[in-house]
Structure formats: structure tokens, C-alpha cells
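Visitor: I am new to this structure. Please show it to me, and then let me ask some questions.

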Amino acid sequence: MSSRVSTGARPGARFAQFKLVLLGESAVGKSSLVLRFVKDQFDDYRESTIGAAFLTQTISLDDATTVKFEIWDTAGQERYKSLAPMYYRNANCAVVVYDITQASSLDKAKSWVKELQRQANENIIIALAGNKSDLVAEHPDKRAITTADAEAYAREAGLLFFETSAKTAENVRELFTAIARKLPLEQAGNRGMRANPRQGVDLRPEAPGTQGGGACNC
Amino acid sequence: MATSSIQTSPASKMNSTPGAFPSTPASAEAPSPSVVSSQLSLSQAVHQRRAEYTRSRRIKVKVGTWNVASLSGTEKDVGGWFVDGKGVSESLSGLDLKDDGEPRSNGHNGSPDIESVASQEERRSKKRSTIPKNDPGFVPGGDEIGLYVLGLQEIVDISSVAEALRPYSDPHPGRKWKQAVAESLPHGYQRVAEQQLIGLFLVIYASSEIAPTISSVSTTSVGTGLGGYMGNKGAVTARIVLGETTRMVFVNCHLTAGVEKGNLERRNWDASQILQRTKFDPVYDGGGVMEEFGEGIGDEDFAFWFGDLNYRLESMPGEDVRRLLMLHTRNEYGAHGAQQPSSKKIENELAKPESLSFSRNQEAANRPSENDTSSTHISVGNASDPSVASSITVLPSQESLDPASDPASLQTTLSSLLAHDQLHSQMRSRKAFHDGWREGIIDFLPTYKYDVGSVGMFDSSEKQRGPSWCDRILYRTRKDRLDYDQKVRDEEMARKKDNEMKLQGVVDAVTDESVLFDYDPETDGADNENNAVNEQSPDPEFMTTKAGFEDKLSLDYYKSHQRVLSSDHKPLDAVFTLDYDAVDLEMKARIHQEVARELDRAENEGRPVVTIVVDHQKETDSTHTDSSSPKFEGVDFGHVKYDHVKTRSVTIANTGRVPATVGFVDRSIESGRPGGVAPPWLKIDFDRPPDNKNSNPGALQEHTLQPGDAVNVELTLHVDDLDLVRRLGDKVETLEDVLVLRIHNGRDYFLPLRGDWLQSAFGRSIEKLVRIPEGGVRRWQHQRPDGSSHGDEGVKWSAPREVFRLTEAIEDLVERALAQWGMTGDADNAPWDKDVGWPFRGWLMEGKQRAMLKETVREGLDSDQPFSETFPPEIDSLQRLEAVAETLVQFLESLEDGIVTEALWLELEKGMLEREKARKTLSEEDERMWILDTLSNAPAHSVSFTFVTFMLARVGNEVAPWNIPLECGKAEGVPAQVAPRMKRPEVNAAYAGIFADAMIRLPAASKGKERKASETRRKHVVEVFLKATLDDGS
């Protein structure tokens, strides 16, 4: 086993790995946001997610800081609601998505925020994303939730807030970058580093038995 | 030699190829062949592309050294000579000798603007700089220099015992010096390293452009003074990495002083100690990882060793050297300066009787005979490269008068003195600084020892110390060191070969003409000595650094600053041009992003992918009346009935390019619901054993599928838990759930399950059953779970219709079955002959067929259809009887409260106990009356009890009638029927046993003897009803 300590390209360089979960009503664009963020693509027609898609994406905050997101994109349909804790239980951050053209989707988002604040990791960073801003750009009358209202709610609940468009990419990278900047890099800095990728912290949902993960070598 | 850690780390090998997977199938032990990008793999992948983000860079490095003899005022001069390059005496440092020695500003040469030595010495004060005024500076400085490295000695008085034995370094003097240097430096220079050991001080400044590219700074001290460890002598050392590529080491030392032979040996020992004991922190390599081992001196690409090395001129009387040199320095004062104290001293001394053993005249006389200057000059470089040697010295044939051959020239004097330099002789004899160290050409006066305040008066104190080049700047490239190592190895090889030859026979070796190589260590070694000291190579080549980059170092200037007056040593500096491959941070950031993106892509695309196909079955009964969408994407079990097994199958196929390890994982647990992989009513079976066959049954089962491979999963739904049946009946639970199939290192798939529960009469209470409307329990199918709108809440029946219907059917069927047996059966083998409990046990039909028929019976009950219609016509009476009879027993067992509830039983038992105590017995008739009377408080229970016991008596009568005399049977010659009739009490006992258990609920608490007694009483309660001749009673 390598005995090298990895603490960065030079003192101060950091690499941190975080688990991020996407929550929100069905068809608000969770998977599209992830697709835009990870592959910089957009599909007009996407099948609804049945399960929890798992993707990773690395972003550099500056030349010394690299953040890797492990993204769990969950199904939004009501019948899978009871499974959400599997994904947010160990999450470091969450993106709660609503559709700015659907008033009910913000209510749903609020209930997710409530649940996260009650049940999830107490230090979880939550971002609220009002998706489909492209629809409103074309037809302002389609907007069902004003930016000001959502912003006020986000401020009150202590959330990051962005109006995004997975279609035009507006604010998508900004959203994830803002989250990365808010994450506790100092603490996670060490535990994200591992000399052997087979070791280290498994930020995926806990599973007994042979599921990988275990001791952190920090 | 440390090898690059990048090639030795197993982890790096694994990650060196993004997207690569082990070619062998993943075993159960290592099921996840993942390409997880960690910091390690990311930075290593970036490192592999370093050629794309390095570009060649050129900086000037200035190294300065000065022994300041703890004199105050010295710090006022440091900016002038070290940063601005001032204070070089052109006449005393051969400035006019070098082609590239053009004055840096016009008019410098002999410019009247420059302050005269006389005026400079006159105005000297400790409070002001002694640097000559208007000196434009000869040595490059200011912002031309990327890296300033300054080594000072004796910034505190190390001759004071208190200072020498100090356990720590006083930071105040260092601060004073830092301030002095920082004030002189152009704007933006940053201090990147510093180290102090008592009087030794090393500080490095870098320009604003270079400073951010410096990493892995490590500084350390080695004391070699008193006792071999104290810090009054020793070295302070710094290691830096430039541009993430180039490792540089700077050693500022102060070695043991003195002219004795012992002092010389101690200096060599000091140097070897510094080499041995200097250890730096590990370097962060370009891959962003700290190397395993710290480095010492020798692991770097470029080393600079400077300071007061204290080597002296040997075999030369100091007095002679003084006189010789002052012949040169006297000229500095000129006509105006003749009255200067220094000048006077010099003239006085020179006026003393001639005692030079090595006079200028002698020297001049010797010169012409030595055409080859190399004997008094330091030879250069490699013996195998004569061009290097020749290029150093200027050939006498040149038109201009060669200063080296001009007997009166300074250079001639210096060359003759340098032949006696201890450092050079130690290098030649490989006692110190022999392993690749170089030095520039010394064309300046010895730097030690002068009268403070004087340009050219050597120590006029009583001691009159012999001038020496105590202060030096040596340097060495990685290649120099490696070349030296190679040379030593070659010599060793040669020596070995020579010894082998000698062993073979010297005579042979000598006479054999084919011998190409004859090495004589005595003579050959002597030859080599002259070549041992390296001087600067005029045209250095690019060399490969430890990290594999191409770098080049050349020395541009090596000068003393003769006109600095504040110390008894003259300061000395060297300017180098360094060409190196430096990492461009912007380009690196771009490559970093590209690599990260590629790794992410490889990681995301390399994830295992499976396709799940649910084999939808055509279900005649799965016509959902509710609004469920027809395209339900999960597993639909259709209608689900009590104790009815249903299966569905699901195929999981690996449709990706890498092996996929799949397994169902624990679903999220809502409070109050059991967790686990599946709900209790569902069983999951893979059509092959799991990866880890030996794991305990509780462990999650995983299956690894190769690409293209598929596994079939059978899902079996079976609701037979009465508690669940009740909850389903009460609609507080549904047959809906979601299985979570996890693909290791991939996504989770949700597999929704759905079943449509059909209401059942089983498992309910008598109170509920009597409310079931006409048409059966299914009428409750679409009522709401809270039960608030139970169509009609009223009691419909005096007893559950199910009990009535089942008992009635049994009474009806028993006659037919017996008749049927009489017609077709084997008279000697009647089922009731084999088991007295038949038809309530001892069935003829096999379990599977019974299970099927019982479903038919239950269907008849729950949908309120006549059994005659629900039974398939081919099922005969005997089979029907067995199915109905078993159903009745199970139905009674399933009742939530029981026909005789716990409360009713306690009341019955109380009466029985009282009679037992009183040793009173009732007649059978009275006892039956008493029992029915006791039960009459619960009419539905009482009626049900009567139905069952009446039925049992009837069945008993059919199977084993009382009224057929034994003799009669015998006489008529039907012995086969005789035996059962004799068994009527046994039949009663069997029936009573079965039904007492099914109908009467005993308190769960009762145990042991007490319970046994209760069970006996319970059986008696039923049995007493079977003894009656009910034909009469009905």
C-alpha cells in the first residue's frame, strides 16, 4: 500500500468529495439539471427517473481546490417518496428543484426542505433551484412563482437560491459552484483525500453487507 | 537514489489508465472494478500531461555571501552591494578582462562621477552606507533578478560563549537584516524562505512573478561547532522547488576557522557533517503528492554552497601574500588618497625590508617559461574534454596583452596564489567538495582579512592574518553530481579489471598485445587530480532534472565587492542564468479541468448498466377496476387472495460494457414498517447462486453479471399471515411496495410492486362476520379503510354465514361421500378406517390438490356462491368433503376471537372447576344445557358452537353410528363395517380434539400442567355434545 500522504499539489491544495442529492416534484427537471451539469447536454424529452441515477462531476474552484460531487438524482414520483431518505441521509448537500411555471411544485419543494431540515444531516447545504427559466423568458405570463417570492422564502429558510434553465444552461454551473463554495472544505479536505481509491469514505447510502465503504483514512 | 514515486505506487498504476478495467472477471471479493477519480488519479493524470503546461522560463538567480563579523553598520551596506550590485572595484576584479564585462552604464569606466576610494574611506561611519557614491552598480541587480539568495555569517558575535551556547537563535538580528534587504529590493519581492542558526542567516526573496511558483520550501540547520553540534559553526540550508519542476538547494555555511592542519581537517569534517545531517521535508511532486522520503543535499537539481568556508592559502607566509596583494591595492588610492590612513599603512608596510619569498620579480621571471597557464590556473571540467579547458584561459597568442601572462597583472598574481588555495587542493584530492562542485573563475582579491573601513589594507592588527579566499560560492548541477558518480564507478571498474588481470598473471597481461587498457592507480590517479576541480563550463548544456525536465544553469558573474568597508570580509556574489521548464499555472488549470472532465466522463460512461424487464403475465383476474394506469412500470401481481401463491418473474440483463454486480438492498424504512430487502409477503429468488454462496442467510445477496449476461428473478407473493390479512381487510395496509436494485458503482433501480387484495372472511371476528352483507365479504372490497361507511353497520346474521354454510355443506357431503365410497371405494381401506379424525384430518387428497380446492371453497364463501357452482364438476363428493372440512377447521382457527372466546372459556372453566372441587357431576344432558346457557351471553358464538357440534355429531353418526348392534353386523357378514362402529367413542374423541382446539381459545398465559388440564376440559366441552343422540334432539 502506498504510504504517501496526499495533501495537495502544494501546501494548501485541496480535493474534497461530497454527496449531493436532488429532490423535487416529478418533472421539474432534476435529471435535466444533472445532465446539463455533467454532460452539458439537454434532451427535450426525458423519461421520468425510476430509481436513483448516480453520476460524478468534478469542478475546480480555483487552481488549488477541486470538489468532486457524487450526485444522486432521485425519482420525483410520489410513490418513491419513502425511499428518499436512503439518498439524503448521508448527503452533504441537496438541490431542491421546482418548476417556476408550476405553483404546486414550490409547495412540494418546501416540504422537501422541511423534511431535509428535520431528518437529514444537520449541516446539509440546501440549494433551491427554480428551473425552466427559459419558458418564462419566452412567455412571461407562464411564470407562476415570482423570483422575489422564492427568494424571500429561500432567505428565510437559509437556502442558496438560483433560477435555472437546464435547457439554456443558465445558472446551472453557478448553482453547483455556489454549493461547492459553501461546503466545509476544511473538514472534508482531508477525508476526501485518499491514497487508495478503494478505501476512504463511501458517501453512498449506507448498505450493510459487502457494500464498499468503511473506515476513512484521514 | 530515490526513484520517482509515481512509478512505484500501486495505486497510481491502477489509475493510470482512465476507463480501464481489470480484464479478469470481477470476483465476489472484488466486485467493483471502479475508476473512481480520487485526488490521486486526477493529479497524476494531470501530471502525465505536464509537457502541455510547462514552458521554458529564464530567470536570474543571485547568490550573495558575507561574513559581517557582527559589526554594526554592515546592514547599511547590504542593499548597495547585494541588490544594486555596487561596490565592485573595476581595477581589482578584472572587470576590463572579460568580453561580457562591459560596464553596465556608460561613463562608468573611470567616470569621475564615482566617488574616489579616498573620499569613501574618509567619510565612513557606522551609521551610513560605505558603498561608493554614484556607483551605477556593476553586477546585475534590481528587478533583473528573479531570486535573491543571501547568506550571512556572524550576524551575532559567535566568539562570545553566551552566543555560541545559546540554545536558540536570537531573532532580532535576523529581523534587522530582513528589513535592510527588503527595503532595498524593488516593489513586490517576497521573502520565500529564511533560516537562522545563531550567527548564520539565510534568506531568500523572489520577485512577485516567481514567488507564487515556489513550493515545497524546507529549511534546516546543522550545527558543527562546539562539541560537533553547537551552532557557532555549521550551516543553514533551504530547499525550494521552482515552477513545480526544479529543485534547488542553498547552503550557507560557516566552517571552522584557522590555518593549522587540524583546522583544515575540521573544515572538511564540518562540510561532511552538513552533507550528512541536512534533511529536508518531502517534496510535493507534480502529482500533488508528498513524496515518501525527505531529501538531503544531492537530491536536488541545482545546489549552491556558499558562505565563509574558511579555507586558507597554504604553504604561503601570510606576510608575503599581504605584500604581494597590497602592491595592487595601493593603486586604488591615487594621488589624492595618499594621505588616507589605509594608504599610509599600505605604503608603510610595503616600505619595510623586502622579505618576499615569492616576489613579483620572481613571479615575472617564472612566467615566460610556463607557456601552459594551466599549471598555475585551475584546470577545468572533464579531462576527456580538452576544449573546455582551453576555452577557460585566454591564449597568449591573442593580440591584446594577455593579463594572465602579464607578470605585473593582477590576474597573474591571483593565479599564482590560487595554486595554494586549500579549497582547490581539497577538491583535487577528493577530500571535500569533490563530487561535482564547481566554482567560477576567481578574478578578485582574497576577501579576507581587511581593516574595517579600508578598501585595500589587509589586516594590520598584530596578528596580520594571511589573506585568503575564505568566502566562496560553489554550485553544482544534478548532472555534475551524476557525472562524478559515473567517473567514480568507472574508476572502480578499471581498478577491478586491473586486479583481475593481475590475478590472471601480470606477465600475460603485459605481453598480450590485445590488452587495451592498463590502469595504474598510482600514476593515473595523479593525472586525475588536476582535473578534479570544476570551474564553470562556458557553455553549459541542458540537463535533465529529477522530475524529468530540461534545465540549464550558467554562471554570469562571480565578484567580490572590494569597496564595501563595513566588515573585515568583503562580500561576494554570483549571478546565474537559469533556464528551466516551469509549470504555467493557467495552462495547468486548464489541463486540470480537461482531465477532470475526461475522468468524470470515463467514470460516468464506465458505470455498469443493466436493463430490467418485467415479464408481464396475462392475468384473467387482473382487470383493475381502479384508476391505475395500464402502463404500470413495476410488477403487478393482480388480484391477491388469502393463502394464494402468486409469482412473477423479472429479468435483469447486463446491457453495459462492464461487469455489473447487482443486488436488492434494504429499502428505506418508514417508521413502524419492517425494513429489509422486501416486504414479508414477498420472496425473491435468483435463478443462480449468489456471488458469495457462503455468506450467512441474513447477508444481502449479490450477483455479478458479465456484459450480455442476464439473470432471472422470481418474485413470489404469498399472504398467509392472519395479522396481515386482517390489516389488509381493514385497509390499513396495502400490497404496494418498492424494491431497490442496486448496481454497484452505478445507479439504483426502483421496482414497484403492486397487488390488489381481495377481501377474505378469514381472520375476522364473529362480530364482523355476522355483519357481512348478502353476497359475501367481497362486498366490502371498495369500502374505505376507516370502516366509517360499512354500507350497513347492522347485524345481518345470528351466526356467521360461513360457519353455517360450511357445516351445512359437510353434513350434506358426508352422506354422498360415504355412498360414493360404498359404490366405488375399497371397502377394506376406507379413509375413516385409517384415521378416526377423517374428514377433518387423514385426507386422501394430496396437499397441493387440497390447497387448490380449498381456494375454491374460500372463493365460494367470500363471493357468496354455492359450492356446487364453484367446485369444478369433475371433483367428486369425497374430495369436496375433504376440502370443505379442512377449510372449516382452518376458518375456525383463523377467527380473531374464536367461537369460544377467551372470556367465555374462563367462565366455562370456572364452573367446571367448582364442580370438580365439590366432586359433583352433572348428567351429560345437564352439562350440555349448562354449557349452552353459559355461552348464550354471546348469541352469535353460541349459535356457531351449536352449528359445529351438531354437524360433528351428524358426521359421527354417518361414519360410526351408535345404533347398529355389533352382533348384527357380524351376523350379516359385513365385518368390514363392524370395526368403525365399534370406534364411535374414538371418533368422538378425535373430532372433539380437533374442534376444541379450533374453536376454544385458551389464555396464552396458561402453561404446563395447568394448561394440560385446561385442554382436557376444553376437549370434554366439545365431546359431551357428540355423545347425544341428536336424531332425537333435532
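This is a predicted model: local features need pLDDT of at least 70, side-chain atom pairs count only at pLDDT 80 or more; totals for chains, interfaces and linings use all residues.

Visitor: Is A:Pro85 buried or exposed?

Guide: A:Pro85 sits in helix H2 (residues 84–88) of chain A; helices are DSSP runs of H or I, at least four residues, numbered from the N terminus. Buried means under 20% relative accessible area, exposed over 50%, partly exposed in between (1.4 Å probe, protein chains only). The relative accessibility of A:Pro85 is 17%, so A:Pro85 counts as buried.

Visitor: How do H20(B) and H22(B) lie to each other, roughly parallel or oblique?

Guide: Helix H20 (residues 801–824) and helix H22 (residues 847–862), both of chain B, have axes that come within 10 Å and cross at roughly 130°. Axes are lines fitted to C-alpha atoms over the stretch in contact, with angles from 0 to 180 degrees between N-to-C directions. Under 35 degrees is roughly parallel, over 145 roughly antiparallel, 65 to 115 roughly perpendicular, and the rest oblique. Therefore H20(B) is to H22(B) oblique.

Visitor: Which residues of H22(B) make the contact with H20(B)?

Guide: Contact means heavy atoms within 4.5 Å. H20(B) brings B:Glu802, B:Arg805 and B:Leu806. From H22(B) come B:Val857, B:Gly860 and B:Leu861.

How values were computed:
Residues are numbered from 1 along each chain as its sequence is written. Chains are lettered from A and ligands numbered from 1 in the order in which they are written. Side-chain values use heavy atoms; hydrogens and water are left out. Helices (H or I, at least four residues) and strands (E, at least two) are DSSP runs, numbered from the N terminus.
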